[in-house]
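User: I would like to learn how to read the ligand site and the strand pairing in a model. Where do we start?

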Amino acid sequence: MADRPRVFVSRVLPGGDSPDSPIGRLRAATDLDLWDGGDPPPAEVLRERLAQADGVLTMLTERIDVALLDAAPHLRVVSNLAVGFDNIDVPACTERGVLVTNTPGVLDETTADMAFALLLAAARRLPEAERAIREGAWGQWHPTWMLGHQVTGATLGIVGPGRIASAVARRAQGFGMKVLYHGRREVPGFPGERATLPELLAASDFISVHVPLNAETAGMCNADFFAAMKQSAIFVNTARGPVVDQDALIEALRSGQIAGAALDVMTPEPLPADHPLLTAPHLVVAPHLGSATEETRARMAHLAVSGLLGVLAGDTPATVLNPEAAAIHRSAR
Ligand code: DGY
């Protein structure tokens with residue numbers, strides 16, 4: 001049908017292909033252009049496909065910048081299959097009347113599970129312990145072998161007290177941990193005590209980062225940050241790789257300035273197997289799996305589709321990050 005909106009989707013979505021799946025809903029309502037490669041569409045393909053598109057459903061791997069937006073004259077909506085949206089130039093979208101939506105709320109618990117899994121894995125040295133068995137390095141039981149760090153009763157410092165952080169703090173309370181948090185504002189109801197960053201860094205046994213990536217947070221976990229942590233403390237990052245100065249982290253791990261780190265996000269992604277980060281001691285890594293469960297990814301896909309279809313139907317769904325763009329959209333098109 002000629003009058004159906006044309007939508008480009010940059011990866012096969014979770015949830016299958018039935019009529020009520022995320023893809024099925026898109027097929028029913030749009031002229032769907034689906035990129036079914038395992039890797040992201042190359043930049044020139046994205047540019048070519050968006051030249052015709054009214055809407056695009058992106059992953060965090062697609063950069064939506066000024067050049068791309070200028071090559072996409074019909075675009076009305078960018079729907080990101082992620083809560084983070086640092087891959088999208090939102091102000092540039094707003095100027096062009098393009099609404100941007102994301103997937104808040106549906107991945108908080110799942111990502112908090114991952115942050116806590118990483119915290120426990122680093123504290124109790126699980127990857128190292130598993131390697132020891134597989135490599136035949138498991139000797140007789142010894143009272144000083146493979147000792148980790150106590151989680152129960154320890155202090156957790158949370159940097160960036162948003163929804164995911166709050167879910168992490170609740171888990172920490174279940175482990176009898178004291179929770180401190182640092183953020184620009186007091187967060188009423190946050191399960192922890194507010195602290196300045198220096199207070200939090202000096203007092204915490206575990207530090208978990210949950211800030212969005214932006215100009216203010218890029219590189220904020222730097223040499224000074226690690227120097228202010230306890231030498232016995234473990235650093236956990238499930239937010240975005242570039243909030244960490246990775247060279248400073250490698251140095252902090254090598255020098256014993258901090259006791260360990262557990263990362264679900266890093267720079268670059270994917271991280272090459274020969275990257276120097278992987279030579280750092282006491283490091284646990286996961287390949288950006290924070291929201292990666294069947295259930296959560298299906299919920300994210302449905303929410304991203306709802307945001308996209310809502311905008312194409314002329315609404316401004318609650319997930320729209322720049323509702324002010326709707327006015328530009330209405331008057332200019
Ligand atoms: C997000 O949503 O921003 C995560 O990084 C991917 O789930």
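Analyst: Start with polar contacts: a polar contact is a pair of N or O atoms within 3.5 Å; within protein, one must be able to donate a hydrogen and the other to accept it, and residues adjacent in sequence count only if both atoms are side-chain atoms. Here a polar side-chain atom of His 288 lies 2.7 Å from an oxygen atom of the ligand. For Ser 291 the distance from a polar side-chain atom to a ligand oxygen is 2.5 Å. The side chain of Arg 240 has an N or O atom 2.7 Å from an oxygen of the ligand. The protein covers 88% of the 230 Å² of accessible area that the ligand has on its own (Shrake-Rupley method, 1.4 Å probe).

Analyst: Two cautions. This is a predicted model: local features need pLDDT of at least 70, side-chain atom pairs count only at pLDDT 80 or more, and totals for chains, interfaces and linings use all residues. Residues are numbered from 1 along each chain as its sequence is written, and side-chain values use heavy atoms, without hydrogens and water.

User: Which strands pair with strand 1, and in which sense?

Analyst: Two strands pair if DSSP finds at least two bridges between them. Strands (E, at least two residues) and helices (H or I, at least four) are DSSP runs, numbered from the N terminus. Strand 1 (residues 6-9) pairs with strand 2 (residues 31-34) in the parallel sense, over 4 bridges. Val 9 stands opposite Leu 34 there. Strand 1 also runs parallel to strand 3 (residues 55-58), joined by 3 bridges. Val 7 has Gly 55 as its bridge partner in strand 3.
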